[in-house]
Amino acid sequence: MEDGLSSFWGPVTSTDWCEKNYVYSSYIAEFFNTISNVPGILLALIGLVNALRQRFEKRFSVLHISNMILAIGSMIYHSTLQHVQQQGDETPMVWEMLLYFYILYSPDWHYRSTMPTFLFFYGALYAVVHALFRFGFGFKVHYIILCLLCIPRMYKYYIYTKDVSAKRLAKLYVVTLLLGSICWLSDRVFCKEISHWHFNPQGHALWHILMGFNSYFANTFLMFCRAQQREWNPKVVYFLGVFPYVKIQKPKSQ
């Protein structure tokens with residue numbers, strides 16, 4: 001939306017969201033859309049520490065790190081509103097979905113080396129194409145397709161999981177995804193109406209916060225399912241009775 005203070009980064013060259021620009025600082029274009037990525041970084045860091053501490057497979061450490069990179073990229077994008085930084089936000093989103101695709105489908109893939117090789121080159125090719133060409137709508141369609149490809153496998157994991165606490169994680173994943181999508185769409189579709197309100201509900205910032213929890217719930221659920229496949233006797237436990245994480249007990253031979 002229209003600028004407040006003078007801009008350190010120059011004219012807006014990226015997608016502009018329904019938050020007034022440079023209201024609180026000349027260095028941060030969209031203040032709330034920027035700081036709302038902090039919870040996602042902290043949640044990913046917690047997940048990373050848990051994955052390393054209990055020696056989960058490296059794929060989960062990479063997944064948590066990718067969540068942090070995505071949130072940091074989003075912070076840079078919303079603080080500058082520059083096209084290059086927007087690409088630096090969108091490309092990691094695609095890479096993250098390719099990583100989810102690998103984690104979901106690789107356990108039953110017969111030729112295991114082919115999947116990571118294909119996904120790596122696909123992600124690299126996408127990064128090059130996305131850097132050379134500007135396609136906002138095409139990016140959204142591509143990203144939605146990748147998300148839809150992951151849903152059948154997530155549902156399969158859900159119906160084969162008997163643990164009530166693990167199922168609750170999957171349900172929280174769905175709830176945060178739906179609520180976050182509503183916030184994103186409301187901020188985008190009704191921005192003209194919202195701009196006349198005395199109070200901006202900051203739908204896009206709420207989307208960031210909800211998606212930070214969404215990624216954490218998804219990662220924790222997938223860690224539980226993978227631990228079941230490896231027969232590591234996983235349990236969902238709660239820190240301070242509230243915050244869920246997966247605790248495993250590996251056989252001594254491992």
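**Salt bridges in the predicted model**

D108 and R153 form a salt bridge, with the closest N and O atoms 2.4 Å apart. D108 lies in the loop between α4 (83-105) and α5 (114-132) and R153 in helix α6 (residues 136-160), so the pair ties together parts 45 residues apart in sequence. A salt bridge is defined here as a side-chain nitrogen of Lys or Arg within 4 Å of a carboxyl oxygen of Asp or Glu. Helices (H or I, at least four residues) and strands (E, at least two) are DSSP runs, numbered from the N terminus. R153 is buried, at 8% relative accessibility. D108 is partly exposed, at 46%. Buried means under 20% relative accessible area, exposed over 50%, and partly exposed in between (1.4 Å probe, protein chains only).

The model is predicted: local features need pLDDT of at least 70, side-chain atom pairs count only at pLDDT 80 or more, and totals for chains, interfaces and linings use all residues. Residues are numbered from 1 along each chain as its sequence is written, and side-chain values use heavy atoms, leaving out hydrogens and water.

By the salt-bridge rule, the count is four. A network of salt bridges links E57, R59, R226 and R230. R230 is partly exposed, at 31% relative accessibility. E57 is buried, with a relative accessible area of 15%. The side chains of E57 and R59 also form a salt bridge, at 3.8 Å, N to O. Both E57 and R59 are buried.
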